[in-house]
Amino acid sequence: MNAVLIAVALSLVSAVAYASAAVAQERLASRSPGSGTLRLLGSGAWWWSVGLNASAALLHIVALRYGPLTVVQPLGALTLVAAVPMGARLAGRRVSAVEWKGTALTLLGLGAILVTASGPAPDDVLSVPEALAVAGATAALVGVLSRPGARPGLRHATASGLASGVASALTQTVTVAATDRTGPVLSVQVVGVALLVAAFAAGGLLLSQTAYRGGLGGPLAMVTLANPLAAAAIGLALLGERLQGGPAGVLLALAGAGLASWGVVLLSRTAPAAAPADDDHPVAVVLALEPGSAAPEPALVPRPHDPGHLTPATR
């Protein structure tokens with residue numbers, strides 16, 4: 001089988017696992033919005049989501065061995081596509097038309113990017129000075145984004161995406177260097193970069209858990225966009241990867257990125273619609289609330305065919 005096809009297949013399974021972990025993290029964050037890191041460490045549900053993330057990461061690592069970073073990393077956007085129906089299912093609702101439109105646009109944009117990014121398997125790796133420079137710059141940027149202030153969810157999600165994207169780029173360096181038979185498996189380069197991978201992966205996981213306190217859609221969309229952007233920038237700038245097709249390929253990739261971004265924005269802005277009242281439940285209205293928002297206060301309204309009897313209903 002073609003190496004790129006293997007990388008794509010592994011990336012798809014990885015995306016589903018990442019989506020399952022994201023939904024689990026969001027549900028945990030919505031139930032315990034004030035939980036600190038120590039309390040999370042004592043939660044079995046959180047460790048279950050960590051296990052899903054670890055499984056997805058292993059699949060991602062293998063995919064990076066078969067395909068270039070510019071192919072594998074954009075497929076991470078499918079995490080959002082998979083998380084939408086999963087989250088809707090667990091919330092007991094249907095996926096809206098706008099969510100399906102966002103999903104279709106995201107897939108179309110990814111298809112355009114893959115056409116131009118289907119290059120050969122990677123063979124270049126980051127040197128130790130390059131890895132340290134990338135790690136230092138990313139750590140500084142993550143620190144700025146993680147500072148206290150307005151809209152921490154989106155900023156923490158951006159920081160999480162950058163940390164995860166850099167971890168992926170560094171992972172590619174570890175896998176290529178470790179499987180290159182010209183040197184020792186546990187060289188200084190491999191061990192040092194592997195430690196950086198572990199640090200950024202753990203930081204990205206904790207930052208995403210914090211970001212999901214404000215809901216799933218917006219933060220996951222930011223993670224989805226920032227992750228491939230960081231990894232692709234490293235791949236194109238430092239690993240010798242190139243887009244295919246010359247100027248036309250670049251335009252196609254930009255168009256695909258625009259469509260995918262539009263789709264992600266639609267997915268992140270969509271809120272579950274209220275369920276309409278029906279003949280069997282004339283006063284029942286189901287409101288989809290963002291995690292952490294207050295529940296609506298009940299109001300007393302006349303029950304149909306019984307004006308003298310009052311029953312609670314949501315506004």
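1. Confidence overall. Keep in mind that this is a predicted model. Mean pLDDT for the chain comes out at 75, with 76% of the residues at 70 or more. By element, helix α7 (residues 128-145) has the highest confidence, at 91, while strand β2 (residues 306-314) has the lowest, at a mean of 43.

2. The stretch to be careful with. Residues 271-315 have pLDDT below 50. That stretch still makes 47 contacts in the model beyond its near neighbours in sequence. As a rule, where pLDDT is low, predicted coordinates should not be read in detail. I'd apply that rule to residues 271-315, given their pLDDT below 50.

3. Layout. The chain has eleven helices and two strands. Of the 315 residues in the chain, 43% are buried. Taking contacts between residues at least 6 apart in sequence, 76% of them join residues at least 24 apart.

4. Annotated spans. The unreviewed UniProt entry carries the annotation "transmembrane region" for residues 45-64, 102-119, 185-208, 220-240 and 246-267. How do two of these look in the model? Residues 45-64 are 100% helix and 0% strand, with end C-alpha atoms 29 Å apart. Residues 246-267 are also 100% helix and 0% strand, and there the end C-alpha atoms are 31 Å apart.

5. The second largest pocket. Its volume is about 780 Å³. The lining of this pocket counts 37 residues, and those nearest the centre are Tyr 18, Asn 53, Ala 57, Ser 164 and Ala 201. Which helices contribute at least two residues each to the lining? They are α1 (3-31), α3 (44-66), α8 (152-179), α9 (188-211) and α10 (217-238). By class, the lining of the second largest pocket splits into 21 nonpolar and 16 polar residues, with no charged ones.

6. Leu 170. This residue is in helix α8. Is Leu 170 buried or exposed? Buried, because its relative accessibility is 1%, and the cut-off for buried is under 20%. Beyond four places away in sequence, Leu 170 touches Leu 126, Ala 131, Val 193, Leu 196, Val 197 and Phe 200. The C-alpha atom of Leu 170 is also 9.0 Å from that of Ala 231, although the two are 61 residues apart along the chain.

7. Thr 173. Helix α8 holds Thr 173 too. At 1% relative accessibility, Thr 173 counts as buried. Leaving out neighbours within four places in sequence, Thr 173 is in contact with Val 125, Leu 126, Gln 189 and Val 193. Leu 126 and Val 193 are therefore contacts of both Leu 170 and Thr 173. Thr 173 and Val 197 are 24 residues apart in sequence, with C-alpha atoms 9.9 Å apart.

8. Ser 160. Here is another residue in helix α8. Ser 160 has a relative accessible area of 2%, so it is buried. Which residues does Ser 160 contact, aside from neighbours within four places in sequence? Gly 204, Leu 207, Ser 208 and Val 223.

9. Ser 49. Moving to helix α3, this is where Ser 49 is found. Ser 49 is buried because its relative accessible area is 1%. Not counting residues up to four places away, Ser 49 touches Ala 21, Ala 24 and Gln 25. Ser 49 and Ser 20 are 29 residues apart along the chain, and their C-alpha atoms are 7.7 Å apart.

10. Thr 79. Finally, have a look at Thr 79 in helix α5 (residues 78-90). Thr 79 is buried, since its relative accessibility is 7%. Thr 79 touches Ala 15, Tyr 18, Ala 19 and Leu 220, not counting residues up to four places away in sequence.

Conventions. Residues are numbered from 1 along each chain as its sequence is written. This is a predicted model: local features need pLDDT of at least 70, side-chain atom pairs count only at pLDDT 80 or more; totals for chains, interfaces and linings use all residues. Side-chain values use heavy atoms; hydrogens and water are left out. UniProt positions are given in the numbering used here, feature names are shortened, and annotations may be inferred rather than shown by experiment. Helices (H or I, at least four residues) and strands (E, at least two) are DSSP runs, numbered from the N terminus. On a 1 Å grid over the protein atoms alone, a cavity is a set of points where a 1.4 Å probe fits but cannot get out, and a pocket is an open set with protein on both sides within 12 Å along at least five of seven lines; lining residues have an atom within 4 Å of a point. Grid points are joined across faces, edges and corners, and a volume is the space filled by probe spheres set on the points. Ala, Val, Leu, Ile, Met, Phe, Trp, Tyr, Cys and Pro count as nonpolar, Asp, Glu, Lys and Arg as charged, and the others, Gly among them, as polar. pLDDT is the predictor's confidence in each residue, from 0 to 100. Contact means heavy atoms within 4.5 Å. Buried means under 20% relative accessible area, exposed over 50%, partly exposed in between (1.4 Å probe, protein chains only).
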